[in-house]
Amino acid sequence: MSSVAKNGLNSYVKQLQEHPLRTKVITAGVLSGISDIVSQKLTGIQKLQVKRLLLKVLLGAGYLGPFGHYFHIILEKIFKGKKDSKTVIKRVLIEQLTSSPLNNLIFMIYYGLVIEGQPWVNVKARVKKGYPSVQKASWTFWPVVGWINYKFMPLHFRVVFHSLVAFVWGIFLNLRARSMTLTKS
């Protein structure tokens, strides 16, 4: 690893330890933004939609980063740092039955109402139609991520790891939301 990359990583870890919430908020916002840029390019959008990008950064920084920070702290308090297989399964189940459905629902509503500016009636219909398949896809993907996260990641890295994987998930959700918009047109 080059000294620049190593110094950058060391500085990031130091910020994560000294200012965990702020660092996770910034990380989630930046990764949400990069994920949206990639999504825009993959869907054929020629000119970067800056407003949409900023709204995705806001979702990452204003909701996903803080939510993840506190969610993992709560789970850590409930399970008192245990990492045995039974406890990891319990953590994954709690995550998949609470935050996963909530986060997917919030994303779909936010995307429709705020990013696309659709009226509530349209968003509600799209969520009703598309949410089950999004959540089903989520339940095939995220439990493995959760297992890795709870089994191997220290608490201060869990939101960052989750945000990195959410980068890919965000592209999936954006492409899914975009395809649902195109099929309605």
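**Aromatic pairs in a predicted model**

Modeller: Helix α5 is followed by Gly117, whose phi is positive, near 70°. Helices here are DSSP runs (H or I, at least four residues) numbered from the N terminus. This is a predicted model, in which local features need pLDDT of at least 70 and side-chain atom pairs count only at pLDDT 80 or more, while totals for chains, interfaces and linings use all residues. Residues are numbered from 1 along each chain as its sequence is written, and side-chain values use heavy atoms, with hydrogens and water left out.

Colleague: How many aromatic pairs does the structure hold?

Modeller: Rings of Phe, Tyr and Trp (its six-membered ring) pair if their centres lie within 6.5 Å; planes under 30 degrees apart count as stacked, over 60 as edge-to-face and the rest as tilted. By this rule, the number of aromatic pairs in the structure is six.

Colleague: Is the pair of Phe107 and Tyr111 stacked, edge-to-face or tilted?

Modeller: The ring centres of Phe107 and Tyr111 are 5.6 Å apart. With 35° between the planes, this pair is tilted.

Colleague: How many residues apart are Phe107 and Tyr111 in helix α5?

Modeller: An α-helix has 3.6 residues a turn, so residues three or four places apart point the same way. Phe107 and Tyr111 both lie in α5 (residues 99-115), about one turn of the helix from each other, and their separation in residues is four.

Colleague: Is Phe141 buried, partly exposed or exposed?

Modeller: Buried means under 20% relative accessible area, exposed over 50%, and partly exposed in between (1.4 Å probe, protein chains only). Phe141 has 30% relative accessibility, so Phe141 counts as partly exposed.

Note on methods: Helices (H or I, at least four residues) and strands (E, at least two) are DSSP runs, numbered from the N terminus.
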